Amino acid sequence: MINLILLFSLFFQLPQTPSYLPSKNIKPGMKGYGLTVFQNRKIEKFKVKVIAVMPNSLISQNLILIKLDHPVTDHAGVVAGMSGSPIYIKGKFAGGLGYGFSFQKDPIAILTPAEAIIKTMNKPIDNVDVWGRNRKKPTASSSFFKRTTSRIYLARKQKNSSVQPLTLPLSVGGIDQAHFSKFFPGLNSMGNFIPSGVKKNIKKNLVYKPGSPVGIVLVRGDMNAAAIGTVTHIQKNRMAIFSHPFMGRGETRLPVAHATIHTVIARTSSSMKLGTITQPQGTLIQDEQASVVVNKDKNPGFVPVVIKTSGLGEKSMTFNYQVAKHRLFTDNLINGVLRRSLYKFYQNYSDLTYSIQYKIYSDIIPLMTFTDTLSYDKGITLSFKASSWSRYSTRGQLAVQYLLDNPFKRGVIKKVEITANITRGLNNYSLQEFKLPSPVLRAGKKIKLQVKLKPQVGQEIVKTIPLEIPEELESSKVYLKITSGLSTNLDEAEPQNIIQFFKYLQNTFDRHSIVITMKTLNPSVDIKGTRLNNLPLSIADSLLYRSNSKKLKAKQTLYRKVIRVPELVSGSLKKQVFIKEKLTEK
């Protein structure tokens, strides 16, 4: 008889009761409690009461309206940093605080249901590496900007929306808010800036618990920047935090750390927790509508960045940072800490010129070095800003970006060293005009080309450049171009692999170059990374239009001379000239 009962139990098992409370079982009037930290690391309970359940308020996700009851929330309302605070009803996990209302007076918040959070936690992962790149196929740089972001991420950007994800306090140490906004414009919109101390790695046996403070770390070292929220739920080595997206990136990797809360700042617009990150532990693995998921047993690591500054008669300084690894914004984080270091070194607003040298250590090319000089009239606090005088930051930053995100091969950055030297005064000049001895030139003859440069401040100057007209151009019309190095394209074939790509980048011209270029009407053709110059039209036509290859591309042949000058040059000039045949000696 007992065996028969056991046999029946194998075929007719009763359905298991879930360890959480589904949103369909939550009714208005139900009461429960939540967990969060208002000071230090002490987890406190706060009471909650269900107001309503709103089915399918988001894409395939219910939302639950609740009211909070605690002396802190009674005074400050729903506090930024409570994102992810777990809620329990009837002793079971019911969800996490995820959303709130703009300029609200009462402590009313919206709960992300437990089933949505747990579903996100249980998703299989391992499709991306520690840089957030797809393991199976390379991703072009532009794909992120073309991709449709999640509905919640768009809601975060809609300032007029009344219902929004709870604000994440952006805990920043080592820099004030005004300069943080200028140096890190991409991070400024992630949350409310809160000042915090800069703490080194604190090695304590800290343990994540539901309700514990937690941060996603972007920069640490001589400066800290991290988004702080709350641990929602833990299953083995995975834990859910925030109960709403961080940046809506889907599967990705970013470092995570424990945090401590100093106090709660009550404000009319949005009250917030004032906190600081402490001990790193774990990596973000999933960033979706219902929750951010962390693997607390893995460590994605950081990119070490060392910056040395000198000049202006000041004592040289060295800064040490660790920035988060990510294919889309590691380069911007490095650029931001560089600008912060320059400002820390010299804070006066004045006309400055600065030389920036990047040394990049990677697995693809052991060491790459790029040096650029920039000049700006409003001091280093606004350096690298796009303007008529400075349209890019540095080639070093571009190299970091392309190492991490290119169509050829995924690179790993081991370390970045930057040396910056600052001098007083402006050094920007724009090309105004150039003069030839005659509109008709003679092949093989030496001439003196006069180029007029207009400074940003001061008197115009004229550069006299000796030039020998190439014999190959006799009896032809050509375009004579005078350009700054920044405005000049290389006369090289398009790169076909990662090594060619970085060789191409290293061969580009900086703003200390004036480039004289002569373009003929005879085309050149790129074939699999090799350029064939000065082809007869019949051969070029055959290669271009009768071949099945998609790698062919017609370009005019270039004859070029590069002049190095102490000035930083911008602009471009062009004239059409006729070149006579070379005189023969009798």
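## Salt bridges, a helix pair and a sheet

E460 forms a salt bridge with K452, and the closest N and O atoms of this pair are 3.8 Å apart; a salt bridge here is a side-chain nitrogen of Lys or Arg within 4 Å of a carboxyl oxygen of Asp or Glu. The model is predicted, so local features need pLDDT of at least 70 and side-chain atom pairs count only at pLDDT 80 or more, while totals for chains, interfaces and linings use all residues. Residues are numbered from 1 along each chain as its sequence is written, and side-chain values use heavy atoms, with hydrogens and water left out.

**Salt bridges**

- E460 is partly exposed, with a relative accessible area of 41%, and K452 also counts as partly exposed, at 25% relative accessibility (buried means under 20% relative accessible area, exposed over 50%, and partly exposed in between, with a 1.4 Å probe and protein chains only).
- Through salt bridges that share partners, E433, K452 and E460 are joined into one network.
- A search of the whole structure finds 10 salt bridges, including the one between D372 and R395, whose closest N and O atoms are 3.2 Å apart.
- This pair links distant parts of the chain, since D372 lies in strand β19 and R395 in helix α8, 23 residues apart, and both D372 and R395 are buried.

**Helices α8 and α9**

- Helix α8 (residues 395-404) and helix α9 (residues 498-506) pack at an angle of about 170 degrees with their axes 11 Å apart, where axes are lines fitted to C-alpha atoms, for helices over the stretch in contact, and angles run from 0 to 180 degrees between N-to-C directions.
- The two helices α8 and α9 are therefore roughly antiparallel to each other (angles under 35 degrees count as roughly parallel, over 145 as roughly antiparallel, 65 to 115 as roughly perpendicular and the rest as oblique).
- In this packing, R395, A399, Y402 and L403 of α8 meet F501, F502, L505 and Q506 of α9, contact meaning heavy atoms within 4.5 Å.
- Helix α8 is mostly covered, as 7 of its 10 residues are buried, among them G396, V400 and L404.

**The open sheet**

- An open sheet is formed by 4 strands in the order β24-β23-β21-β29, with mixed pairing; two strands pair if DSSP finds at least two bridges between them, and helices (H or I, at least four residues) and strands (E, at least two) are DSSP runs numbered from the N terminus.
- The edge strands, β24 (461-468) and β29 (568-570), each pair on one side only.
- Strand β21 (residues 428-435) pairs with β29 in the parallel sense over 3 bridges.
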